[in-house]
Amino acid sequence: SEVEVFVLMDCLRATWMSGKTRPKEFRVTQLEALCHFMEERQADIQHALCEDLHKPCFETELTEILMVRNELANALNNLSCWMKDEKVNKNLMTQLDCAFIQKDPYGVVLVIGAFNFPIQLTLLPLVGAIAAGNCVILKPSEVSSCTERLLAEALPCYLDPVSSSTASFILLKNQNEAEERSGKKQPGGQERRMG
């Protein structure tokens, strides 16, 4: 329900305010956990995408898995550089000051996945959000139901889930599934007329 989402958002905001997601070590640990997910669940990812979109294993490997792995490798290799303060040129007014750009995370980030590339377009933004030190609300596309189910069941086992009071990651499941199965609403929110 809507109240539950606000409670989860408050939990994530509290985690972000505590500073848990800001240290480099935490970010590296989360990115490495996502690497483990991609390696250990590769066959499951291929099966889910075959069920959802009839993608062959080669296409899944090329367009979904390798893209995320490359982004993870890039983030892990460049994280230290990205986190450093950036020096800026001084002008006459700031000559006696210490001028730099400090890179701080935004806080809580919502990532909404798309159905046509459900792994790539869901996990690539997740990599960037984690690397930046943000807490993440992840909403995979409900159209790719097998992939959504895989992410909902497996990903919390790898990333810091909402099970603790200081979670940095929440995965939203399909909120309309019960309504669609009961016959009250169709996908897209349109009312279904019975009889």
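Contact here means heavy atoms within 4.5 Å. In this predicted model, Leu123 is in contact, leaving aside its neighbours within four places in sequence, with Phe37, Met38, Val68, Leu151 and Leu155. Leu123 is also among the residues with the most contacts inside the largest nonpolar core, together with Phe37, Met38, Leu126 and Leu155. This core has 34 residues. At least two of its residues come from each of α2 (24-40), α3 (42-53), α4 (57-83), α5 (120-131), β4 (135-139) and α6 (145-158). Another core, of 6 residues, lies apart from it and includes Leu12, Trp16, Ile137 and Leu172.

The helix α3 was examined in turn. Its 12 residues reach 16 Å from the first C-alpha to the last, close to the 16 Å expected at 1.5 Å a residue. Ile45, Gln46, Ala48, Leu49 and Asp52 of α3 are buried. Viewed down the helix axis, the buried residues of α3 fall within an arc of 165 degrees, so they line one face of the helix. An α-helix has 3.6 residues a turn, so residues three or four places apart point the same way. The cover over the buried residues of α3 includes α2, α4 and α6. On the face of α3 turned away from the buried side are the exposed residues Ala43 and His47. Just after α3, His54 adopts a positive phi of about 60 degrees.

Lys55 is located in the loop between α3 and α4. Lys55 counts as buried because its relative accessibility is 6%, and buried means under 20%. The side chains of Lys55 and Glu64 are joined by a polar contact of 2.7 Å. With neighbours within four places in sequence left aside, the residues in contact with Lys55 are Leu49, Cys50, Thr60, Thr63, Glu64, Asn116 and Phe117. One of these, Leu49, is a buried residue of α3.

Asn116 belongs to the loop between β3 (108-112) and α5. At 34% relative accessibility, Asn116 counts as partly exposed, since this class lies between the 20% limit for buried and the 50% limit for exposed residues. Asn116 and Asp52 are separated by 64 residues in sequence, while their C-alpha atoms are 9.3 Å apart in space. Apart from neighbours within four places in sequence, Asn116 is in contact with Leu53, Lys55, Glu64 and Leu121.

Note on methods: Residues numbered from 1 in each chain as written. Predicted model: local features only at pLDDT ≥ 70, side-chain atom pairs only at ≥ 80, totals over all residues. Heavy atoms only, no water. Core = buried A, V, L, I, M, F, W, Y, C linked by side-chain atoms within 4.5 Å. Buried < 20%, exposed > 50% of the residue type's maximum accessible area, 1.4 Å probe, protein only. Helix = DSSP H or I, 4+ residues; strand = E, 2+ residues; numbered from the N terminus. Polar contact = N/O pair within 3.5 Å; in protein donor to acceptor, adjacent residues only side chain to side chain. Expected span 1.5 Å × (residues − 1). Arc of directions from axis to C-beta.
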